[in-house]
Amino acid sequence: MPAFQQAESDISMPRNECMGQGWWHGKFRGCGYRLTLGREAILDILSKTQGHLSAEDIYIKIHPKYPNVGLTTVYRTLDVLSNLGMVYKLDFGDGRARYELAEGPKGAHHHHHLVCASCNKVIDYTDFIDEEVELLRETEKGLEAKYNFKITNHVIQFYGLCDKCKGKK
């Protein structure tokens, strides 16, 4: 199966590759981490969000229910989750790191992003066109051969103007 169709949990970006038995608990225990209340709250928020949240966005959502979970804890937890391959840390060019869950209880959800350079709107898309699939397959094959490197996944972002901003120009 081409890397762009593989599960997002197979991504090679994280420094740690750990396999647990279950969803959150198994992943943490399999990597030697404890699943604390703060970590579980962050994962819960990310699992219930369709968007791409910053650490500050997550903190604002957690703080009313868990006032002992500070912003520093959110940043540290997101770093751990990113290293474990449980979340993706994304840069959409707006100066703030954004996070999304790499895999949910129903499995991986591979998608690409369309980012508006004017209003920073981000559109997730999964309806890949045939030419895109073939181009990515050939690109991965060529890069693997050229650099003797096994590609297991990728993150793609396209920048431009959304329909609303395109009409303003």
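What share of the 169 residues of the chain counts as buried? In this predicted model, the figure is 39%. The secondary structure comprises 6 helices and 7 strands. From the N terminus, the elements follow the order α-α-α-α-β-β-β-β-β-β-α-β-α. Among contacts between residues at least 6 apart in sequence, 55% link residues at least 24 apart.

In soluble globular proteins, nonpolar side chains tend to be buried together. Here, the largest nonpolar core holds 22 residues. Within this core, F28, I42, L46, I58, L78 and L81 touch the most other members. Two or more core residues come from each of α2 (37-47), α3 (55-62), α4 (71-84) and β2 (97-101). Leaving aside residues up to four places away in sequence, I42 touches I58, I62, V74, T77, L78 and L81. Another core, of 5 residues, lies apart from the largest one. Its members include Y88, F92, A102 and V115.

Two packed helices are described by the angle between their axes and the distance between the axes. For α3 and α4, the angle is about 125° and the axes lie 9 Å apart. The two helices are therefore oblique to each other. Their crossing is right-handed. On the α3 side, the contact is made by A55, E56, I58 and Y59. These residues meet L71, V74, Y75 and L78 of α4. By class, this contact of α3 with α4 has 7 nonpolar residues, no polar residues and 1 charged residue.

Technical notes: Residues are numbered from 1 along each chain as its sequence is written. This is a predicted model: local features need pLDDT of at least 70, side-chain atom pairs count only at pLDDT 80 or more; totals for chains, interfaces and linings use all residues. Side-chain values use heavy atoms; hydrogens and water are left out. A nonpolar core is a set of buried Ala, Val, Leu, Ile, Met, Phe, Trp, Tyr and Cys residues joined through side-chain atoms within 4.5 Å. Buried means under 20% relative accessible area, exposed over 50%, partly exposed in between (1.4 Å probe, protein chains only). Helices (H or I, at least four residues) and strands (E, at least two) are DSSP runs, numbered from the N terminus. Contact means heavy atoms within 4.5 Å. Axes are lines fitted to C-alpha atoms, for helices over the stretch in contact, and angles run from 0 to 180 degrees between N-to-C directions. Angles under 35 degrees count as roughly parallel, over 145 as roughly antiparallel, 65 to 115 as roughly perpendicular and the rest as oblique. A crossing is left-handed if the near helix is turned anticlockwise from the far one by less than a right angle, and right-handed if clockwise. Ala, Val, Leu, Ile, Met, Phe, Trp, Tyr, Cys and Pro count as nonpolar, Asp, Glu, Lys and Arg as charged, and the others, Gly among them, as polar.
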